[in-house]
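User: Could you walk me through the terms used for this model and show me where each label comes from?

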Amino acid sequence: MTYTEQSDLDLIAALRNDDSRALAELYNRYWERLLLISLAKLKAPEVVEEIVNDVFFHLWKSRHRLVIKTSLAHYLFAIAKYKIFAHLAKAKKSPSILQLETLELEQTGVAAPDRASDLIRFKECQQRIEHAVAALPDKCQLVFKLSREDGFSIQQIARHLRVSPKTVEGHLSNALRKLRVSLSHLVSLFIIFMR
């Protein structure tokens with residue numbers, strides 16, 4: 001059975017056994033939703049991108065003591081919301097935001113789309129994301145897919161493509177910049193998932 005065919009629970013079990021490919025698959029499944037949902041809360045793409053990466057870093061770092069009481073999606077969304085609140089508190093945009101962090105984490109996080117109309121909107125967003133990735137220049141698209149879909153590190157991509165790590169970083173930054181611009185209009189569609 002391939003990683004894409006495994007359930008979240010199977011991947012979490014593999015994660016606990018230090019399987020980094022399980023993390024890559026979970027990243028593939030959830031990074032786009034986390035990015036768009038986080039952008040609805042915090043309209044700072046560069047910060048949101050860092051927050052999404054931090055969510056998966058946290059998942060990897062805590063893999064041996066991981067306890068998920070709800071679904072993995074709720075768990076990841078709760079971590080993202082916590083990190084957004086922490087960022088806002090640090091930026092002193094809301095002095096009482098730290099008091100809200102605990103409440104947010106005790107709740108189940110962002111509700112998964114369970115209504116038919118929400119699911120249709122979500123699938124439409126997924127298709128737009130796939131089209132946006134397909135519209136990237138060839139090199140950017142290849143580097144992006146190797147990084148985000150196959151879970152390769154910058155060093156691995158550089159070796160695979162026989163280019164410098166700086167070149168890989170440039171292509172990846174370019175891809176993410178273009179995706180942020182081309183997908184910025186999707187944020188409003190995801191606001192429903194934050195309510």
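Analyst: Happy to; here are the labels one by one, each set against its definition.

Analyst: A word on sources: residues are numbered from 1 along each chain as its sequence is written. This is a predicted model, in which local features need pLDDT of at least 70, side-chain atom pairs count only at pLDDT 80 or more, and totals for chains, interfaces and linings use all residues, while side-chain values use heavy atoms, with hydrogens and water left out.

User: What is the secondary structure of the chain?

Analyst: The chain has 10 helices and 0 strands. Here helices (H or I, at least four residues) and strands (E, at least two) are DSSP runs, numbered from the N terminus.

User: What pLDDT does the chain average?

Analyst: The average is 76, and 74% of the residues score at least 70. That score is the predictor's confidence in each residue, from 0 to 100.

User: What makes the pair of Trp31 and Phe144 edge-to-face?

Analyst: The angle does: the ring planes of Trp31 and Phe144 are at 65 degrees, with the centres 5.6 Å apart, so the pair is edge-to-face. This pair links distant parts of the chain, since Trp31 is in helix 2 and Phe144 is in helix 7 (residues 138–149), 113 residues apart. Tyr27, Trp31, Phe56 and Phe144 form one aromatic cluster.

User: How do you know whether Trp31 is buried or exposed?

Analyst: Buried means under 20% relative accessible area, exposed over 50%, and partly exposed in between (1.4 Å probe, protein chains only). Trp31 has a relative accessible area of 6%, so Trp31 is buried. Phe144, at 2%, therefore counts as buried.

User: Why does Asn53 get its accessibility label?

Analyst: The relative accessible area of Asn53 is 30%, so Asn53 is partly exposed. Asn53 lies in helix 3 (residues 45–61). Taking contact to mean heavy atoms within 4.5 Å, and leaving aside neighbours within four places in sequence, Asn53 is in contact with Tyr27 and Arg148. From C-alpha to C-alpha, Asn53 and Trp31 are 8.2 Å apart in space, and they are 22 residues apart in sequence.

User: And what makes Gln6 buried?

Analyst: Its relative accessible area is 16%, so Gln6 is buried. Gln6 lies in the segment before helix 1. Apart from neighbours within four places in sequence, Gln6 is in contact with Met1, Leu11 and Arg29.

User: How do you know that Arg63 lies over the face of Trp60?

Analyst: The rule asks that NZ of Lys or CZ of Arg be within 6 Å of the ring centre and within 35 degrees of the ring normal. Arg63 lies over the face of Trp60 at 3.8 Å from the ring centre.

User: Why point out the phi values of Asp18 and Arg162?

Analyst: Most residues other than glycine have a negative phi. Phi of Asp18 is near 65 degrees, a positive value, and Arg162 has a positive phi of about 60 degrees. Asp18 is in the loop between helix 1 and helix 2, and Arg162 is in the loop between helix 8 (154–161) and helix 9. At 42% relative accessible area Asp18 is partly exposed, whereas Arg162, at 77%, counts as exposed.

Technical notes:
Phe/Tyr/Trp six-rings, centres within 6.5 Å; stacked < 30°, edge-to-face > 60°.
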